[in-house]
Amino acid sequence: MDRAALDAMVDELERHMPRMLQLQDAPPGFWAWFAGEAASIGGNASCKEDWLHVRDRLSAIVECVDTQQERTQ
């Protein structure tokens, strides 16, 4: 899969983040959902460079989630 398609998948995941964060206490929970989506997207990378690109984008998303949760606690 080319990088533009991978980016579109990450963009779609990011678009669903607010709704999924609201449901984080409901089964299966936010982190289980996020991990499954992340694994699916990463599994579509056709080379190491694309996989690293996806990993970096997903890591940035997780950092934002962690920061937002720290502020609300």
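## Overall architecture

From the N terminus onward, the elements of the chain follow the order α-α-α. The model is a predicted one. The chain contains three helices and zero strands. Of its 73 residues, 25% count as buried.

The accessible surface of the chain amounts to about 4,900 Å², and carbon and sulfur atoms supply 54% of that area. Among contacts with a separation of 6 or more, 71% are between residues 24 or more positions apart.

## The nonpolar core

The largest nonpolar core comprises 15 residues. Those with the most contacts inside this core are Leu 13, Met 17, Phe 30, Trp 33, Phe 34, Leu 58 and Ile 61. Helix H1 (3-22), helix H2 (30-43) and H3 are the elements that give two or more residues to the core. In soluble globular proteins, nonpolar side chains tend to be buried together.

Leaving aside neighbours within four places in sequence, Phe 34 is in contact with Leu 13, Met 17, Leu 58, Ile 61 and Val 62.

The length of H2 can be checked against a simple expectation. At 1.5 Å a residue, its 14 residues should span 20 Å, and the end C-alpha atoms are 20 Å apart, so the two values agree.

The buried residues of H2 are Phe 30, Trp 33, Phe 34, Ala 38, Ile 41 and Gly 42. Viewed down the axis of H2, these buried residues fall within an arc of 155°, and therefore they line one face of the helix. The face turned away from this buried side carries the exposed residues Ala 39 and Gly 43.

Is Asp 50 buried or exposed, and why? Its relative accessibility is 9%, and because the limit for a buried residue is under 20%, Asp 50 counts as buried. This residue is found in helix H3, which covers residues 48-72.

Which residues does Asp 50 touch, not counting those up to four places away in sequence? They are Met 1, Arg 3, Leu 6 and Ala 45. With one of these, Arg 3, the side chain of Asp 50 also forms a polar contact of 2.9 Å, made between the two side chains.

Conventions: Residues numbered from 1 in each chain as written. Predicted model: local features only at pLDDT ≥ 70, side-chain atom pairs only at ≥ 80, totals over all residues. Heavy atoms only, no water. Helix = DSSP H or I, 4+ residues; strand = E, 2+ residues; numbered from the N terminus. Buried < 20%, exposed > 50% of the residue type's maximum accessible area, 1.4 Å probe, protein only. Polar contact = N/O pair within 3.5 Å; in protein donor to acceptor, adjacent residues only side chain to side chain. Contact = heavy atoms within 4.5 Å. Core = buried A, V, L, I, M, F, W, Y, C linked by side-chain atoms within 4.5 Å. Areas by Shrake-Rupley, 256 points an atom, 1.4 Å probe, with all protein chains shown as cover. Expected span 1.5 Å × (residues − 1). Arc of directions from axis to C-beta.
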